[in-house]
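Hi everyone, thanks for making the time this morning. I'd like to walk you through one model, so please have a look at the sequence and the structure while I talk.

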Amino acid sequence: MAASTAVAETIWEQIRTTRSVSDDQLSILNFLFGKNFERATRIVDEGGVKRVSGIPSRRSLFLVVGESKRKEEYICFPQHLCTCYSFFYDIVNRGEQISCKHQIAAQLAEAVGAHQEVEVTDEQLALMLLKL
């Protein structure tokens, strides 16, 4: 998993630098993340990623919409944590995936600038984090 994570980080950095994704990069990300990458691209295409930043600290988290009919939003720190069931089941418990689709969507949206920016007070951000 460490090698896959390193490759993914290199690709994300390249995309952040150019703000675009090449066919080769898409192929690599699809190979690394499989069906989760395809689902993440749908979430990004549908505008389902928000970066919520606290003012004045500028600390931030991502809210990523799920694909269920309820359109639940998950709190996501792209390289570390997502509050979805899949993160705890497939990544933490089983170690079968590098990232859940919400983490991938947050990374992709941030890298290409396809996320919504939302500003809240630091107190509001802290209240959001209490839900973790």
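This is a predicted model: local features need pLDDT of at least 70, side-chain atom pairs count only at pLDDT 80 or more; totals for chains, interfaces and linings use all residues.

I'll go through the helices, then an annotated region, and then some backbone details.

Let's start with helix α2, which spans residues 23-33. Which of its residues are buried? They are Q25, L29, L32 and F33. These four cover an arc of only 80 degrees around the axis, which puts them on the same side of α2. The buried residues of α2 pack against α1, α3 and α5. Turned away from that buried side is a face with the exposed residues D23, D24 and F31. After α2 comes G34, with a positive phi near 55 degrees.

Then we reach helix α3, residues 35-45. How do α2 and α3 sit relative to each other? Their axes come within 6 Å and cross at roughly 120 degrees. That angle makes α2 oblique to α3. On the α2 side of this contact we find L26, L29, N30 and F33, and they meet K35, N36, F37 and E38 of α3. By residue type, the contact divides into 4 nonpolar, 2 polar and 2 charged. L29 and F33 are also on the list of buried residues in α2.

What about the buried residues of α3 itself? Here we have N36, F37, A40, I43 and V44. Looking down the axis of α3, you would see them within an arc of 115 degrees, so they line one face of the helix. The cover over these residues includes α1 (2-18), α2, β1 (49-55), β2 (60-65) and α5. Following α3 is G47, and its phi is positive too, near 70 degrees.

Now over to helix α4, residues 85-93. F87, D90 and I91 are its buried residues. Down the axis of α4 they fall within an arc of 105 degrees, so they line one face of this helix. Y85 and N93 are exposed on the other side. The buried residues of α4 pack against β4 (81-82) and α5 (101-112). Just after the helix, G95 has a positive phi of about 65 degrees.

Next, the annotation. UniProt, in an unreviewed entry, gives residues 62-111 the feature "domain: SWIM-type".

H102 lies in helix α5. Is H102 buried or exposed? With a relative accessible area of 3%, it counts as buried, because the cut-off for buried is under 20%. If we leave aside neighbours within four places in sequence, H102 is in contact with I43, V64, V65, G66, Y74, C76, C82 and C84.

E73 is partly exposed, at a relative accessible area of 33%. Not counting residues up to four places away in sequence, E73 touches K50, L63, V64 and V65. V64 and V65 are also on the contact list of H102. The C-alpha atoms of E73 and T83 are separated by 9.1 Å, with the two residues 10 apart along the chain.

Last, the backbone. Most residues other than glycine have a negative phi, and most peptide bonds are trans. Where does this model have a cis peptide bond? One joins I55 and P56, with omega about 15 degrees. P56 is in the loop between β1 and β2.

R58 is in that loop between β1 and β2 as well. R58 is not a glycine, yet its phi is positive, about 70 degrees. K71, in the loop between β2 and β3, is another residue other than glycine with a positive phi, near 55 degrees. R58 counts as partly exposed at 46% relative accessibility, and K71 is partly exposed at 46% too.

That's my tour, and I'm happy to go back to any part of it.

Terms used:
Residues are numbered from 1 along each chain as its sequence is written. Side-chain values use heavy atoms; hydrogens and water are left out. Buried means under 20% relative accessible area, exposed over 50%, partly exposed in between (1.4 Å probe, protein chains only). Helices (H or I, at least four residues) and strands (E, at least two) are DSSP runs, numbered from the N terminus. The arc is that of the directions from the helix axis to the C-beta atoms. Contact means heavy atoms within 4.5 Å. Axes are lines fitted to C-alpha atoms, for helices over the stretch in contact, and angles run from 0 to 180 degrees between N-to-C directions. Angles under 35 degrees count as roughly parallel, over 145 as roughly antiparallel, 65 to 115 as roughly perpendicular and the rest as oblique. Ala, Val, Leu, Ile, Met, Phe, Trp, Tyr, Cys and Pro count as nonpolar, Asp, Glu, Lys and Arg as charged, and the others, Gly among them, as polar. UniProt positions are given in the numbering used here, feature names are shortened, and annotations may be inferred rather than shown by experiment.
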